[in-house]
Every structure is written in C-alpha cells, then in structure tokens.
Amino acid sequence: MTGPAKIDPGRERWERIRQGGLVPYLVSRGVLRGLPMAAAVIAVVELLSGAGAERLRDPDLYVRLLVAGALFSVGGAVSAWARWKGMAARYEDDGGP
C-alpha cells in the first residue's frame, strides 16, 4: 500500500515562475540583481583605493558604475536564463504530471 503522492515544492515553485514568463524572470532575477551587485563592487573598489568623498564628483566614477551595471546585468541575465533552462529540464522533461 502506498501513501498519498508527495507534492514537490520545487515543481510548484517552477510552475509559478513559468507562468510569469521568461522575460520578467530574466529582468527580476538577472538584471535587477546585477545592478545592486555592480554598485556594491564599485563601492568596495573605491573604498579600498582610499578615495575620499571628492571621488563622488569624478565623472569616471559614473562611467565605471554604468559599465559595471551593464556587465553585471548581462551576467545576471545569463545566469537567470541558465537557471530557467535547468528548471525546465528538471520539471518538464521528467515524465511527471
């Protein structure tokens, strides 16, 4: 005799994510996580370089922020896409309901 079927919380989570769509997932999990990470990395680099508050007036700081923001956002989107594909392979291709 077998018990009731166990519900996989990962599958339920994947279904909610999948219903939201790929593009919103990439934006929320990739791009929006990349921007704060870029700001944090630039802040740490600036702190370790010994630059004072006058550095905030340097236009190069803002260029670095833009470049880092773009790079971290692209990296975050690629990582989010890989997670999406991994979840799709795990939960859609296993012959489950």
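Predicted model: local features only at pLDDT ≥ 70, side-chain atom pairs only at ≥ 80, totals over all residues.
Let's start with helix α1, which covers residues 9–20, and helix α3, which covers residues 59–92. On the α1 side, the contact is made by G10, R11, R13, W14, I17 and R18; α3 contributes W84, M87, A88, Y91 and E92. Sorted by class, the contact has six nonpolar, four charged and one polar residue.

Now for the charged pairs. Side chains of opposite charge can pair when their charged atoms come close. In this model the count comes to two salt bridges.

One of them stays inside helix α1, where E15 and R18 sit three residues apart, about one turn of the helix. The closest N and O atoms of E15 and R18 are 2.5 Å apart. With a relative accessibility of 25%, E15 counts as partly exposed, and R18, at 34%, is partly exposed as well. R18 is also among the α1 residues that make the contact with α3.

The other salt bridge joins E46 and R64, with 2.9 Å between the closest N and O atoms. This pair links distant parts of the chain: E46 belongs to helix α2 (residues 22–48) and R64 to helix α3, 18 residues apart. Burial is under 20% relative accessible area, so E46, at 11%, counts as buried, whereas R64, at 28%, is partly exposed.

Notes:
Residues numbered from 1 in each chain as written. Heavy atoms only, no water. Axes fitted to C-alpha atoms, helices over the stretch in contact; angles between N-to-C directions. Helix = DSSP H or I, 4+ residues; strand = E, 2+ residues; numbered from the N terminus. Contact = heavy atoms within 4.5 Å. Nonpolar A, V, L, I, M, F, W, Y, C, P; charged D, E, K, R; others polar. Salt bridge = Lys/Arg side-chain N within 4 Å of Asp/Glu carboxyl O. Buried < 20%, exposed > 50% of the residue type's maximum accessible area, 1.4 Å probe, protein only.
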